[in-house]
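Colleague: I am new to this structure. Could you take me through it, one point at a time?

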Amino acid sequence: MAKNRRWWALVAVSLGTFMTYLDNNVVNVALPSIQRDLGLTLEGLEWIASSYVLVFAGLLLAGGRIADVLGMRGTFFAGLAIFTAASVAAGLAQSQEVLLAGRAVQGVGAALLTPAALALLPALFPDPRERGAAIGIWGGVGALALAIGPLTGGWLSEHASWGWIFLINAPIGVATALLAAISIPAGVRGTSRGLDLPGLLASSVSLFALTYGLIEGESRGWTSGTILGSFGIAAVAAIAFVVIETRTANPMMNLGFLRRRVFSGGLLAMGLWAFGVFGIYFYTAIYLQNVLGFSPTGAGAAFVPMALVMAVTAVVAPRLEVRFGAGRTVAAGLAIMAVAVFGISGYGAGTTYLDLLGWFVLYGVGGGMLVPLNNVIVSALPSGHAGIASGMLNVSREVFGLLGITILGAILTNRAGAAAGTEMERYLSGYQFSLVVAALLVAVGVPVALYALRSTRPANSPAATEPVLEPV
């Protein structure tokens with residue numbers, strides 16, 4: 001019975017993660033409907049889309065530390081409750097202010113929920129083989145959110161009401177809470193002591209400022225005082241964080257962890273994965289609509305086969321890790337992604353969906369093969385730091401994802417501005433060139449993974465004993 005409960009707990013943890021990942025992109029295709037109903041300004045519309053990511057990324061390290069100190073189970077439930085309640089408030093909003101506040105509070109809930117969810121898995125599944133399978137399933141569910149978000153947002157805004165893109169979280173959140181209550185056993189309090197409030201404040205300010213600069217840089221201008229000031233605050237706060245962590249008796253993160261090759265190399269490889277997934281997904285969705293004439297719902301549906309393949313590959317990837325090791329598995333995944341992105345870059349106007357489908361599927365195969373990285377990164381630190389390891393992993397994912405969107409966007413815009421021809425021809429020139437650059441950057445992850453993860457034990461080999469959650 002206890003063994004079955006662990007797998008039901010995995011379902012609960014996966015559903016919680018699914019909701020937070022879904023809200024990264026569910027709102028984008030519904031923005032025109034929201035603008036019509038609430039009479040939003042363009043700036044207000046941009047903040048509805050970005051406020052969630054801003055708060056989510058800014059508080060991820062704080063959420064991971066709270067999970068380590070106060071316990072993963074309690075942090076998971078707190079994040080789930082905040083996220084679900086904020087979703088209801090956003091779905092029922094009748095004004096810009098209420099919707100914006102709901103989105104921001106969703107980010108607070110997600111910043112608590114997401115690190116705790118991943119950190120729970122090593123404690124729920126102390127056996128390395130079972131843990132690898134569990135993280136594969138968890139990663140597969142997360143991959144589905146990448147495609148289901150825009151599809152769900154487009155369909156609900158077209159056929160129901162935009163409010164349902166948020167309200168749909170209410171029944172999922174309640175079901176997740178009930179399932180988690182009966183399946184996730186009560187755990188011992190975290191071994192870390194003290195929240196290290198100065199460190200939490202410095203890290204949060206740095207991440208807030210960095211995320212704000214990446215989100216607003218394109219619209220406000222990368223050399224504007226606001227954006228340069230934002231990056232300056234991020235740098236100063238990051239330096240303050242390093243000073244605090246080296247001098248405090250109870251740091252939120254031992255900076256020596258970054259000297260661990262597996263941990264820092266794994267974070268970089270995960271970041272390059274996110275750079276490719278977020279950046280390519282964002283601009284290819286625009287290409288499908290503006291060049292090939294897809295509807296918002298159709299563009300969202302176009303990515304479903306890729307996400308399904310990514311989800312299936314994520315479940316299989318731990319077996320590949322067992323056979324070939326984490327380094328070669330992750331390196332192969334990044335190489336496949338790079339090849340797929342380069343293949344997509346060769347298509348322009350007049351392309352059919354079937355022309356792109358093979359490359360989308362190949363991309364999904366490569367993306368799914370990076371799921372073992374989640375286990376590698378979390379397991380690289382002592383068990384009492386699983387929350388902060390998960391927080392760092394998600395920071396890498398979110399920040400590099402935003403970098404993918406902003407850097408590729410800047411390359412696309414500059415290339416298009418220098419090209420000749422019609423507006424569509426100039427856009428295609430920039431889009432295709434940006435994909436080539438993206439393919440090269442993703443390919444950089446191949447030697448990184450081979451070097452950093454070369455001695456990582458596969459999931460079924462002997463490993464240090466992980467702490468097990470105590471039964472209720």
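Predicted model: local features only at pLDDT ≥ 70, side-chain atom pairs only at ≥ 80, totals over all residues.

Colleague: What is the mean pLDDT of the protein?
Modeller: The pLDDT is the predictor's confidence in each residue, from 0 to 100. Of the residues, 92% reach 70 or more. The mean pLDDT is 84.

Colleague: What radius of gyration does the protein have, and what would a compact globule have?
Modeller: The chain has 472 residues, so a compact globule would come near 23 Å. The C-alpha atoms fill a box of roughly 65 × 50 × 45 Å along the principal axes. The protein agrees with the globule value, at a radius of gyration of 21 Å.

Colleague: What percentage of the residues count as buried?
Modeller: Buried means under 20% relative accessible area. The accessible surface comes to about 18,000 Å², with 68% of it belonging to carbon and sulfur atoms. Of the 472 residues, the buried part is 57%.

Colleague: Among contacts with a separation of 6 or more, what percentage joins residues 24 or more positions apart?
Modeller: Take the contacts in the protein with a separation of 6 or more. Then pick those between residues 24 or more positions apart. They account for 83%.

Colleague: Where does helix 10 bend?
Modeller: Helix 10 runs over residues 197–220. Its end C-alpha atoms are 32 Å apart, close to the expected 34 Å. The bend is about 35°, and its place is Leu 214.

Colleague: Which residue follows helix 10?
Modeller: The phi of this residue is positive. Its value is near 100°. The residue is Gly 221.

Colleague: What span should helix 5 have, and what span does it have?
Modeller: Helix 5 has 20 residues, so at 1.5 Å a residue it should span 28 Å. The model agrees: the end C-alpha atoms of helix 5 are apart by 28 Å.

Colleague: Is Met 72 buried or exposed?
Modeller: Met 72 lies in helix 5, residues 72–91. Its C-alpha is 9.2 Å from that of Ala 386, although 314 residues separate them along the chain. The buried residues of helix 5 include Met 72, Phe 76 and Leu 80. With a relative accessible area of 18%, under the 20% cut-off, Met 72 is buried.

Colleague: What does helix 9 span from its first C-alpha to its last?
Modeller: Helix 9 takes in residues 169–183, which is 15 residues. Among its buried residues are Gly 173, Thr 176 and Leu 179. The expected span is 21 Å, and helix 9 comes close to that with 20 Å.

Colleague: Which residues does Trp 47 contact, leaving aside neighbours within four places in sequence?
Modeller: Trp 47 sits in helix 3, residues 42–58. Its relative accessible area is 19%, so Trp 47 is buried. The contacts of Trp 47 are Leu 54, Leu 100, Tyr 212 and Glu 216.

Colleague: How far apart are the C-alpha atoms of Ala 234 and Ser 206?
Modeller: Ala 234 is part of helix 11, residues 225–247. At 6% relative accessibility, Ala 234 counts as buried. Ala 234 touches Ser 206, Ala 209 and Leu 210, not counting residues up to four places away. Ala 234 and Ser 206 are 28 residues apart in sequence, and their C-alpha distance is 4.0 Å.

Note on methods: Residues numbered from 1 in each chain as written. Heavy atoms only, no water. Helix = DSSP H or I, 4+ residues; strand = E, 2+ residues; numbered from the N terminus. Expected span 1.5 Å × (residues − 1). Bend = angle between axes of the 7 residues up to and from the residue. Rg over C-alpha atoms; globule rule 2.2 N^0.38 Å. Buried < 20%, exposed > 50% of the residue type's maximum accessible area, 1.4 Å probe, protein only. Contact = heavy atoms within 4.5 Å. Areas by Shrake-Rupley, 256 points an atom, 1.4 Å probe, with all protein chains shown as cover.
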